[in-house]
Amino acid sequence: MMEYLSLFLFLAAVIVLLMGYSVAFSLAGTGLLFAGVGALTGHFDSVFLEAIPNRLFGIMNNEVLVAVPLFVFMGVMLEKSKIAEGLLDTMSMLFGSMSGGLGISVTIVGMLLAASTGIVGATVVTMGLLSLPTMLRRGYDPQIACGVICASGTLGQIIPPSIVLVLLGDVISSAYQQAQIDQGLFSPETVTVGDLFLGALIPGLLLVLAYTLYIVAKAILSPSSVPAIPKTERDAVENLWVKVLSALVPPILLIGLVLGSILGGFATPTEAAAVGAVGAVLLSIFKRNFNMKTLTAVMRSTTQVSSMVFIILVGASIFSLVFRGFGGDDIVRDFLTGLPGGVWGALAVVMLVMFLLGFFLDFIEITFVVVPIIAPILLTMGLDPIWLGIMIALNLQTSFLTPPFGFALFYLRGVAPDSITTGQIYRGVIPFIFIQLSMLGLLAAWPSLATWLPHLVYG
């Protein structure tokens, strides 16, 4: 009976979430409610609840998680100080002479913005506000314009330094240590956020390349759907290369400094995030966009996003603790290990479930609720933790792009003009979904795409 209660708990949490209640309080509330009922009926040991304070102190003392508000601050500062806007304008002029040039510019700027913010919603909304009106005004097919913006916006899931990878790296690290202890290895190896950053680099860049090649193919096959910028408009721009360099070099240097310091072993993710936050402020001052109004807006947004992340983490910790108290992890382990096909069968089921959950839950909830349950089991079965982490990130990125419930689609729908239909947005992302599924299949067939670089750098 107790084991079935864990399944009812998970189902109840999903139902409460679908009713529109706050994620953090839905997870914590259903967990505590089931714990209370279980304790009264003798199906739950209330000793498990005594671990809640230790879980919360563990969150507070986790240095890796301090990187989250710092990376958010860095990204929001780059957004609010109009650095992304200037970057898009100059890049579109640089590639404007060719069909599809504006689409390629949006992809590249989306990649840089993704590396800066790491937040899907922020990137999609920003790119939607900045580039969609421009693309439509210049005669782009609405479906292609929407598809490019949504797809480039989801790159925040996989392009380092990404908040998704920071959170996922922390969870995967704990799961890997737990898996090794379960196997009797009491001097466990570790996996770090830096490992995941390196592991995501090649798949992320391949994805950007695939998006670009798709736009180039469209330009060849149907140039009228992705027209070039008129020559008169391009000729009106003076000192183009000076503007391109002044817009492109500073953000690339900042991202390179942050990423290079982590990958080179000179700084922890938290220290590098602090460098990024200070660098974003200096960049804003250099661009003469820094003032008290901008700083206030950035601080407010950073506080809101960071508060959301950490309160969800608290709720998810309580939920997962109660889930384990009901023996839910044993049910999941028995189910996965009993599937036909062994580890590959288990992995396929987990990926499908996480893909479907990505329609309803944000990556934060999936990272904090689902990954701690399934990751130790899969890692015990012999999977590489870096490869598994990148597979999960790519999988969630794809689910956020897939109709009818993809989060990126809703974000763009919220800022798109009324002339854009929801159907056009849905149809526009379909080619990019196939590209991402192909990338997921490629990574499954060649795990070295994710593992080669970390093993080369860190041995």
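Because the model is predicted, local features are reported for pLDDT of at least 70 and side-chain atom pairs count only at pLDDT 80 or more, whereas totals for chains, interfaces and linings use all residues. Residues are numbered from 1 along each chain as its sequence is written, and side-chain values use heavy atoms, with hydrogens and water left out.

Helices in this account are DSSP runs of H or I with at least four residues, numbered from the N terminus. Helix α17, which spans residues 363–380, packs against helix α14 (residues 292–325) at an angle of about 25 degrees, the two axes lying 9 Å apart; here an axis is a line fitted to C-alpha atoms over the stretch in contact, and angles run from 0 to 180 degrees between N-to-C directions. The two helices α14 and α17 are therefore roughly parallel to each other, a term that applies to angles under 35 degrees. Their crossing is right-handed, meaning that the near helix is turned clockwise from the far one by less than a right angle. On the side of α14 the contact (heavy atoms within 4.5 Å) is made by Met308, Val309, Ile312, Leu313, Ala316, Phe319, Phe323 and Arg324, while α17 contributes Ile364, Glu365, Phe368, Val369, Pro372 and Ile373. Sorted by class, these residues comprise 12 nonpolar, no polar and two charged, where Ala, Val, Leu, Ile, Met, Phe, Trp, Tyr, Cys and Pro count as nonpolar, Asp, Glu, Lys and Arg as charged, and the others, Gly among them, as polar.

Helix α17 also packs with helix α9 (residues 163–182), at an angle of about 30 degrees and with the axes 8 Å apart, so that α9 is roughly parallel to α17. The crossing of α9 and α17 is right-handed. Among the residues of α9 that meet α17 are Leu167, Leu168, Val171 and Ala175, and the α17 residues facing them include Thr367, Phe368, Val371 and Ala375. The contact of α9 with α17 divides into 16 nonpolar, three polar and no charged residues. One of its members, Thr367, lies in helix α17 and is buried, with a relative accessible area of 0%; buried means under 20% relative accessible area, exposed over 50%, and partly exposed in between, with a 1.4 Å probe and protein chains only. Not counting residues up to four places away in sequence, Thr367 touches Leu167, Leu168, Val171 and Pro372.

A further pair is formed by helix α4 (residues 67–80) and helix α13 (residues 269–286), whose axes come within 8 Å and cross at roughly 20 degrees, which makes α4 roughly parallel to α13. In this case the crossing is left-handed, the near helix being turned anticlockwise from the far one by less than a right angle. The α4 side of the contact is made by Ala67, Leu70, Phe71, Phe73, Met74, Met77 and Leu78, and the α13 side includes Ala273, Ala277, Ala280 and Val281. By class, the contact of α4 with α13 has 14 nonpolar, three polar and no charged residues.

Leaving aside neighbours within four places in sequence, Ile158 is in contact with Leu165, Ala200, Gly204, Leu207, Ile390, Ala393, Leu394 and Gln397.

Individual residues complete the description. Val148 is found in helix α8 (residues 142–153) and is buried, with a relative accessible area of 2%; beyond its neighbours within four places in sequence, Val148 is in contact with Gly103, Val106, Thr107, Ile215 and Phe432. Ile318 has its place in helix α14 and is likewise buried, at a relative accessible area of 10%, with contacts to Ala28, Leu32 and Ile52 once neighbours within four places in sequence are left aside. Ser46, by contrast, lies in the loop between α2 (23–41) and α3 (52–60) and is partly exposed, with a relative accessible area of 42%. Although Ser46 and Ala375 are 329 residues apart in sequence, their C-alpha atoms are 26 Å apart in space.

Technical notes
Angles under 35 degrees count as roughly parallel, over 145 as roughly antiparallel, 65 to 115 as roughly perpendicular and the rest as oblique.
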